[in-house]
Amino acid sequence: MMEWLWTLVLVVVAFLGMEVFAWYAHKYIMHGWGWGWHKSHHESHHQPHLKNTGGVFEKNDLYVVVFSLVVIGLFAVGDLYWKPLMAIASGITLYGVVYSLFHDGMVHRRWPIRWRPKSGYLKRLVQAHRIHHAVRTREGTVSFGFLYAPDVRKLKKRLKQQQAASLAGARHDR
């Protein structure tokens, strides 16, 4: 009985930890040195004609491939050497499935999910991600989480502040 409880705890902790990892990876890798891949994700939503040029995939989907290879490695090492890694890899995989359903399916409609939340947390999640995509460049955007969405009013306020600061900086550079 205790073994199942610890396994469940590891799965849940890994799942929740992935949101923290995803926030940092999104902000500092995808909007940092990895912008070359992530840029396709921002362009395709502001320029729908680009979506059809590369088929159903975006260059940004390479992140899924890389992260999946890491998880496959965790499963393999866990199976061979240290069983708790299996639970951790399961939590990461569960996060990936939920992320895919909500982010790719509900927010960006890359899956045949047509339902749109009208209220509550899921609506806030969609709105926060739309605010994130209001900026087409790697700098100046807000809301880097995938399954956690801060209050939309606060995000809009922070986005306006960043845009004003960016404009002030551009005027100062002239």
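Ala87 lies in helix H5. This is a predicted model, in which local features need pLDDT of at least 70, side-chain atom pairs count only at pLDDT 80 or more, and totals for chains, interfaces and linings use all residues. Residues are numbered from 1 along each chain as its sequence is written, and side-chain values use heavy atoms, with hydrogens and water left out.

**Overall make-up**

- The protein chain has seven helices and zero strands; helices (H or I, at least four residues) and strands (E, at least two) are DSSP runs, numbered from the N terminus.
- From the N terminus on, the order of elements is α-α-α-α-α-α-α.
- Of the 174 residues in the protein chain, 34% are buried (under 20% relative accessible area; exposed is over 50%, partly exposed in between; 1.4 Å probe, protein chains only).
- The accessible surface of the protein chain is about 11,300 Å², with 68% belonging to carbon and sulfur atoms (Shrake-Rupley method, 1.4 Å probe; for residues, only the protein chains shown count as cover).
- Among contacts in the protein chain with a separation of 6 or more, 55% come from residues 24 or more positions apart; contact means heavy atoms within 4.5 Å.

- Ala87 counts as buried because its relative accessibility is 7%.
- Setting aside neighbours within four places in sequence, Ala87 contacts Thr7, Leu10 and Val11.
- The C-alpha atoms of Ala87 and Leu74 are separated by 9.6 Å, with the two residues 13 apart along the chain.

**H5 against H6**

- Two packed helices are described by the angle between their axes and the distance between the axes.
- The axes of H5 (residues 84-107) and H6 (residues 120-132) come within 11 Å and cross at roughly 70°. H5 is therefore roughly perpendicular to H6.
- Axes are lines fitted to C-alpha atoms, for helices over the stretch in contact, and angles run from 0 to 180 degrees between N-to-C directions. Angles under 35 degrees count as roughly parallel, over 145 as roughly antiparallel, 65 to 115 as roughly perpendicular and the rest as oblique.
- From H5, Phe102, His103, Met106 and Val107 meet Leu122, Leu125, Val126, His129 and Arg130 of H6.
- The residues of this contact divide into six nonpolar, two polar and one charged (nonpolar: Ala, Val, Leu, Ile, Met, Phe, Trp, Tyr, Cys and Pro; charged: Asp, Glu, Lys and Arg; polar: the others, Gly among them).

**His38 in H2**

- His38 sits in helix H2 (residues 35-46).
- His38 counts as buried because its relative accessibility is 2%.
- Beyond neighbours within four places in sequence, His38 touches His26, Met30, His31, Asn60, Tyr63 and His132, all by contact.
- The side chains of His38 and His26 are joined by a polar contact of 3.2 Å (a pair of N or O atoms within 3.5 Å; within protein, one must be able to donate a hydrogen and the other to accept it, and residues adjacent in sequence count only if both atoms are side-chain atoms).
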